[in-house]
Amino acid sequence: MIKDTTKHPCFNKETAGSCGRVHLPVAPKCNIQCNYCNRKYDCVNESRPGVTSGVLKPFQAAEYMDKVLEKEPRITVAGIAGPGDPFANPAETLETMRLLNERHPHLLFCLSSNGMGILPYLDDIAELGVSHVTITISAVDPAIGAKIYSWVKDGNVVYRGEKGAEILLDRQLKAIKGLKERGITVKINSIVIPGINDEHIVEVAKVCSALGADIQNMIPLKPTADTPFAGIPEPGRETVLPLRKEAEGFIEQMTHCKRCRADAVGLLGDDQSVALCGTLRACSK
Ligand code: SF4
Ligand code: SF4
């Protein structure tokens, strides 16, 4: 089926007012630990990545998708963005995509990953018709990466410090290349962390663009309680806008990100995850 890939509201700002997305929370585990991430909250009142009202099994996600489309027919994209990482939960991720392909082949499919575990699944991703993938890359220097990630897990081995950051970076850069070779649109999410990577983030843009990435989304850090970065202030427009300006010389910049929950649903400007949390919870039982 030929799909209109412009109908992704995150990759095309022009469609954000008419096309919606749903994040299916089927991926609870993660294979790295970012120093800004806390997924312990399960709260309908909080809106940020990693938060969800529940976790679904693939068959439950397919049922939930049916219900969501009845209530919000403007959805054009179904994606997986956690609450952990899709490729720390590859069986659940691929099975969900397979079911969606069967039941809703007209939708665009999207995945958002840290890139650590994605490489063995690049062919599956392409075969399942995933058209958009986001890789979160906030450093292209392991010395800076070591400040952002407290550990990285490869199989059963946990790496810390620069070694961990180096392994992760190697996978991330290979992922961009491999995804582009398969014709997939690639977005780079880069978290802007004052004092840690703000002076380095344009370098991230340069390196990722050289490998073929299509667009970068600089996301200001949202300081979260009980994390090592809880005390770092959220960077304001005066920090982020000049960085975007400089980076847009290398790669297109996304400017309308809403830092969505792992169970986000609806238009970017009209999120209904709280309104639909009862539906999600009912499907998760
Ligand atoms: Fe949290 Fe995502 Fe980082 Fe995993 S990759 S620790 S889910 S922010
Ligand atoms: Fe789109 Fe940003 Fe929300 Fe992801 S977090 S779905 S990129 S608006």
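Predicted model: local features only at pLDDT ≥ 70, side-chain atom pairs only at ≥ 80, totals over all residues.
Residues are numbered from 1 along each chain as its sequence is written, chains are lettered from A and ligands numbered from 1 in the order in which they are written, and side-chain values use heavy atoms, with hydrogens and water left out.

Let us start with strand β4, residues 108-113. Helices (H or I, at least four residues) and strands (E, at least two) are DSSP runs, numbered from the N terminus. Of the 6 residues in β4, 5 are buried, so the strand is largely enclosed by the rest of the structure. Here buried means under 20% relative accessible area, exposed means over 50%, and partly exposed lies in between, with a 1.4 Å probe and protein chains only.

What does β4 pair with? Two strands count as paired if DSSP finds at least two bridges between them. Strand β3 (residues 75-80) runs parallel to β4, with 4 bridges, and G79 stands opposite C110 of β4. Strand β5 (residues 130-136) is also a parallel partner of β4, this time over 5 bridges; there L111 has V133 in β5 as its bridge partner.

Together, β3, helix α2 (residues 90-103) and β4 form a right-handed β-α-β unit, and another right-handed unit is made by β4, helix α3 (residues 122-127) and β5. A crossover is called right-handed if, with the strands pointing away from the viewer, the path from the first strand over the helix to the second runs clockwise.

β1 and β3 pair in the parallel sense over 4 bridges, and R21 has V77 in β3 as its bridge partner.

V186 lies in strand β8 (residues 185-192) and is buried, with a relative accessible area of 0%. From V186 to C110 is 76 residues in sequence and 10.0 Å in space, C-alpha to C-alpha. D214 sits in the loop between α6 (201-210) and β9 and counts as partly exposed at 30% relative accessibility.

Next comes an open sheet of 3 strands, in the order β2-β6-β7, with antiparallel pairing. β2 (32-34) and β7 (157-159) are at the edges with a single partner strand each, so one side of each has no neighbour in the sheet. β2 and strand β6 (residues 149-154) are joined by 3 bridges, and C34 stands opposite Y149 in β6.

On a 1 Å grid over the protein atoms alone, a cavity is a set of points where a 1.4 Å probe fits but cannot get out, while a pocket is an open set with protein on both sides within 12 Å along at least five of seven lines; lining residues have an atom within 4 Å of a point. Grid points are joined across faces, edges and corners, and a volume is the space filled by probe spheres set on the points.

The largest pocket holds about 220 Å³. Its lining has 14 residues, of which M218, P220, V240, R244 and C257 lie nearest its centre. β9 (215-220) and α7 (237-247) each give at least two residues to that lining. The second largest pocket holds about 150 Å³, and its lining includes K29, F87, G117 and K153.

The search also finds 2 cavities of 30 Å³ or more. The second largest cavity has about 40 Å³ of space, and the largest share of its lining, 4 residues, comes from α5.
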